[in-house]
Amino acid sequence: MSNVDMRVTLAGMTMKNPVVVASGTFGFGREYSQFFDLSELGGICAKGLTLLPREGNPAPRIAETPMGILNSVGLQNPGVDAFIAEELPFLRQYDVKVIANISGNTPEEYGVMCEKLAGAGVDMIEVNISCPNVKAGGLAYGTRPELAAEVTEMAKSHAGSVPVMVKLSPNVTDVTEIARAVEAAGADAVSLINTIRGMRIDVNTRQPILKMNTGGLSGPAVLPVAVRMVWEVSQAVKVPVLGMGGVSKGEDAAQLMLAGASAVAVGTALFADPMAPIRVRDGLEAIAARQGLFAVRELTGAVRPW
Ligand SMILES: Cc1cc2nc3c(=O)[nH]c(=O)nc-3n(C[C@H](O)[C@H](O)[C@H](O)COP(=O)(O)O)c2cc1C
């Protein structure tokens, strides 16, 4: 389409373009492979894994909101062993980087999962310390710097040479505090943002729409929060940033890159249009070409703040 070099490198992992799909919004890729060749993507963050299989939370667990959705899926997944045996071989048929996303109840569980996934040969491990929809672990690790650091150290010491990216929560007062803590604990990259805690109430029944009462907000409504947090974090740490939250077109991705992201993930936009990541990639390339850039990576951190 253009001569723009679309390759980017995230913690030593080179992707053919900066567009990744966000964890929990793409399953393990099987359904979406009917819509496009998964090799078109830079990377795939697989659905969040736990040590043992999980059924997730009771329904209703998805509710629409203006410009977004609330979800309380709660990490429904087949467990890390089933992923390695059944899903990873499927993903390996494609020329795409595979990023496994993990959540644990204890730091030790994160360690065990990292060891299994590093042994299985994933390209990167995304450590989710920011899920607002599970009681144990999850968000508790992502809101306290010392716990976030402990989980990061445990993941790093069990991941061998596989890079570890820590996924940060927006549900904090100062996101840079957590980013600095995980960087100091050895994180190779950070990703943000996870969903923002929210709630909807049915005024007739006076009951919350979601069975879990609250959920996590994602989609276009959260983009400005994501841009702000990526901007803050990329100034606070030296490790690269995978930016996400509300991306549905090239311009959204370009904003996150200008704010400091080396690559971007597309999540909720997939539910309205399975081709969204391809549209984002092409839109990003068109912006880079229009601006006369040699490489898309020139956008990273190039914002000109007042
Ligand atoms: C239905 C749903 C499930 C999700 N599951 C996970 C998950 O398993 N692990 C995780 O780290 N993030 C999970 N997320 C968060 C997304 O990866 C992403 O951080 C967030 O939705 C913001 O991006 P978006 O606005 O493009 O969706 C989930 C989001 C949604 C909407």
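These notebook entries cover the ligand site and the aromatic pairs of a predicted model.

**Ground rules.** I number residues from 1 along each chain as its sequence is written, and I leave out hydrogens and water, using heavy atoms for side-chain values.

**Atoms facing the ligand oxygens.** A polar side-chain atom of T268 lies 2.6 Å from a ligand oxygen, and a polar side-chain atom of N128 lies 3.1 Å from a ligand oxygen. For S23 I noted a backbone N or O atom, 2.7 Å from an oxygen atom of the ligand. Taken alone the ligand exposes 610 Å², of which the protein buries 97%; these accessible areas come from the Shrake-Rupley method with a 1.4 Å probe.

**Aromatic pairs.** I then turned to rings of Phe, Tyr and Trp (its six-membered ring), which pair if their centres lie within 6.5 Å, with planes under 30 degrees apart called stacked, over 60 edge-to-face and the rest tilted. The structure holds six such pairs. The rings of Y32 and F35 are tilted because their planes stand at 45 degrees, with the centres 6.5 Å apart. Y32 is buried at 12% relative accessible area, whereas F35 is partly exposed at 48% (buried is under 20%, exposed over 50%, partly exposed in between, with a 1.4 Å probe and protein chains only). Y32 and F35 also belong to one aromatic cluster with F26 and F36. F90 and Y94 pair edge-to-face, 5.6 Å centre to centre and with 70 degrees between the planes, and F90 counts as buried at 13% relative accessibility.

Notes. This is a predicted model: local features need pLDDT of at least 70, side-chain atom pairs count only at pLDDT 80 or more; totals for chains, interfaces and linings use all residues. A polar contact is a pair of N or O atoms within 3.5 Å; within protein, one must be able to donate a hydrogen and the other to accept it, and residues adjacent in sequence count only if both atoms are side-chain atoms.
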